[in-house]
Each structure stands twice: as structure tokens, then as C-alpha cells.
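Dear colleague,

Please find the structure below.

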Amino acid sequence: ETHARFTDDEMIELLADSGCVAVQFGIEGGNTEVMAKSARKGDLDAQEAVVRAFERRGIRVLGLFMLGYFDDTERTIEQTIDYAIRLNPYAAQFTVATPYPGTPWYERLASENERYRLSEDYDDYTQYRLVYAHPHLDVDDVERLKNRAYRRFYCRPSYALKHHLGHGGATAGRRAA
């Protein structure tokens, strides 16, 4: 598990030569403005280039995407879903952005807890449900959009063709390590 910005051609070659069959990338989102406001880094075109470089070497990519960042709206979440579809990695995981206790984001929201109403139950901090009063979305909105992300990503012919029906996936014929 890594971030695309931490990889280069040499690393990809070393991983491929060592028998690596899959990597996970924290791609996070598809709207650069939301990502910048959330202190997340990522050049969308550069990330796509890294995904393609891994695929050329027969290494499958799992993209990790976050929905419900503080500045997200329904439109920006749709952009993240569209970006995931454009990247078309071997697999995608869509989780809910979560301000974990002890992080700067959590501290920011906790300082205005009357407004943001952070969950007091730490068992809620799983990345599966919204744990604070989001300024643009409610819990049901985020859940609906997360479910939509999974449906749109996995229920499309181009996904099936590339990863399952076409050439048998990126590592067809290779033994898993």
C-alpha cells in the first residue's frame, strides 16, 4: 500500500521483477480543489500515468478512494466516481473520509463541536459512515453516493472486458506470490 507520488519507474521495475502482482494506492479523490483543501496531495494525470505504468508491467492496481471530505459536495463526489472509472484499476474501494481522533482535522471539528457534532462513540470511526455533521451532505447522502460509486464502477462492460473477460486480468498466467 502506497501513494502514487511515492513511486517511480525504477520502483515499478523492481517490484515487477520481484514478482509483485498487486499494489494498493491511496488515490483519494477526483477533484483537485477538494483534495487541496483537505491537505491531500495528488496530481490526477500523474496518478493515471503511474497506474498505467504498473499495468504495463502486469501489476494489478487497487485504487483507494475517499468520499465525503469536508468540502465535498454531491458534484465533487461524482467527479471522484468518474475519475475512478477513467482510471479503471483492477479494483476500487470507496470509503468515507473520517476525521480520526488526534488528527488536525478532528481537532478542527472538535473545536466547533456544537456545529459539527462529532460522534462520541469511537467504534463509529470505521470509514464506512459519516461521523460528523457535514456542511453539504448528510449521512444518507454519503451512503447513497458510496453505494452509487460501487455500482457505477463494477457494473459496467468496460470493467468486465478489461479485468475479467478480456485477457484474464493483468496477472493472467503469472503465479501469485
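Is leucine 15 buried, exposed or partly exposed? Leucine 15 is partly exposed, because its relative accessible area is 26%, where buried means under 20%, exposed over 50% and partly exposed in between, with a 1.4 Å probe and protein chains only. Please note that this is a predicted model, in which local features need pLDDT of at least 70 and side-chain atom pairs count only at pLDDT 80 or more, while totals for chains, interfaces and linings use all residues. Residues are numbered from 1 along each chain as its sequence is written, and side-chain values use heavy atoms, with hydrogens and water left out.

Leucine 15 belongs to helix H1 (residues 9-17); helices (H or I, at least four residues) and strands (E, at least two) are DSSP runs, numbered from the N terminus. Setting aside neighbours within four places in sequence, leucine 15 is in contact (heavy atoms within 4.5 Å) with Cys20, Phe54 and Ile59. Leucine 15 and arginine 57 are 42 residues apart in sequence, and their C-alpha atoms are 9.2 Å apart in space.

The next topic is the sheet. Its 3 strands form an open sheet in the order E1-E2-E3, with parallel pairing; two strands pair if DSSP finds at least two bridges between them. Strand E1 (22-28) and strand E3 (91-96) are at the edges with a single partner strand each, so one side of each has no neighbour in the sheet. From one strand to the next, the twist averages 20 degrees; axes are lines fitted to C-alpha atoms, for helices over the stretch in contact, and angles run from 0 to 180 degrees between N-to-C directions. E1 and strand E2 (residues 60-67) run parallel and are joined by 6 bridges. Alanine 22 has arginine 60 in E2 as its bridge partner.

Two helices accompany these strands. Helix H3 (residues 44-56) lies across E1 and E2, at about 170 degrees to E1. H7 packs on the sheet and touches E2 and E3, its direction making about 175 degrees with that of E3.

Serine 119 sits in the loop between helix H6 (113-116) and helix H7 (139-154). Serine 119 is buried, with a relative accessible area of 15%. Not counting residues up to four places away in sequence, serine 119 touches Asp124, Tyr125 and Val131.

Finally, the cysteines. Cysteine 20 is buried, at 16% relative accessible area, whereas cysteine 155 is exposed, at 63%. A search of the whole structure finds 0 disulfides, a disulfide being a pair of cysteine sulfur atoms within 2.5 Å.

Yours sincerely
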